[in-house]
Amino acid sequence: MNHELLDRTPESIINQHGETIALRFEVSDLLEQHLGLDWQAQFERLVGEQGKITPHTAEDPTCRETNPKDSFLLMKLDGQQVLHTIPDFWELYQGDFRDMMQRALPVDSEQMKTYEEENARDCLEVLSQLAPPDDAANRSDTKHYRLDAHVDQRYSAILCIKAPTLGSGGRLVISNRPEAVGLDTINQDATFVQHKEGTVICFPMGLKLPHYTEPIQKGDVRMVIS
């Protein structure tokens, strides 16, 4: 682990029971050093040029929705598309971001392993959330415009490129009960996390704690790399 990271004090994300469930690191300076002052614009441009609206259902065994047939819409890019256009991002993934995730793990955890570059498609994903249409409140599909409730298949980190600014939409909602299924149950005992641009949330408990993302408001943006 590099010395600069040891001096970087993260924000602890703490649930209602006083337990730390994730660490949030400020990384704007690293992004500027590796990618340039226009790092946000680079990702926005990439999503605008190559992003595709991708529907998916809650049938995956990691999902914690009440109806497995529910579908969700997100603008997506995979890691290979990112590295083809912004290749210097890989150095951050393999270096500083890996070390941050390792720092967030329990002390008895094994050393973090990262994917090889040819497998970037499997380990990096840009997600840009879509705002519901004007009449969504009068329809039954508002759920389509949020991230489904799920647990992760591996340790996860969330880099926030663009954070919502209108109201409280787009928050990361984390259940404090591993057995929780469905939004009503999750929300009964949940931690609500407002995103901050230029930060990485290292979230090892995502393997156990169901979580989802709230819809955003029209005109707002939530763009992350998972």
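The largest pocket has a volume of about 1,200 Å³. Closest to the centre of this pocket, among its 44 lining residues, are Cys123, Glu125, Arg154, Ser156 and Ser226. The model is predicted, with a mean pLDDT of 89 for the protein.

**Pocket lining**
- Strand β7, covering residues 156-162, gives the most to the lining of the largest pocket, contributing four residues.
- Sorted by class, the lining of this pocket holds 22 nonpolar, 12 charged and 10 polar residues.

**The sheet**
- Eight strands form an open sheet with antiparallel pairing, in the order β1-β2-β10-β7-β12-β5-β4-β3.
- The edge strands, each pairing on one side only, are β1 (11-14) and β3 (52-57).
- From one strand to the next, the twist averages 30°.
- Strands β3 and β4 (residues 71-78) run antiparallel and are joined by six bridges.
- Thr57 has Ser71 of β4 as its bridge partner.

**A helix on the sheet**
- Helix α3, made of residues 39-50, packs on the sheet and touches β3, β4, β5 (125-129), β7 and β12 (223-225).
- The direction of helix α3 makes about 95° with that of β7.

**Confidence**
- In the protein, 94% of the residues reach a pLDDT of 70 or more.
- Confidence is highest in strand β10 (residues 199-203), at a mean of 97.
- Helix α1 (residues 3-6) has the lowest confidence, at a mean of 56.

Terms used:
Residues numbered from 1 in each chain as written. Predicted model: local features only at pLDDT ≥ 70, side-chain atom pairs only at ≥ 80, totals over all residues. Heavy atoms only, no water. 1 Å grid on protein atoms, 1.4 Å probe; cavity = no way out; pocket = protein on both sides within 12 Å on 5 of 7 lines; lining within 4 Å. Points joined across faces, edges and corners; volume = space filled by probe spheres on them. Helix = DSSP H or I, 4+ residues; strand = E, 2+ residues; numbered from the N terminus. Nonpolar A, V, L, I, M, F, W, Y, C, P; charged D, E, K, R; others polar. pLDDT = per-residue confidence, 0-100. Pairing = 2+ DSSP bridges. Axes fitted to C-alpha atoms, helices over the stretch in contact; angles between N-to-C directions. Contact = heavy atoms within 4.5 Å.
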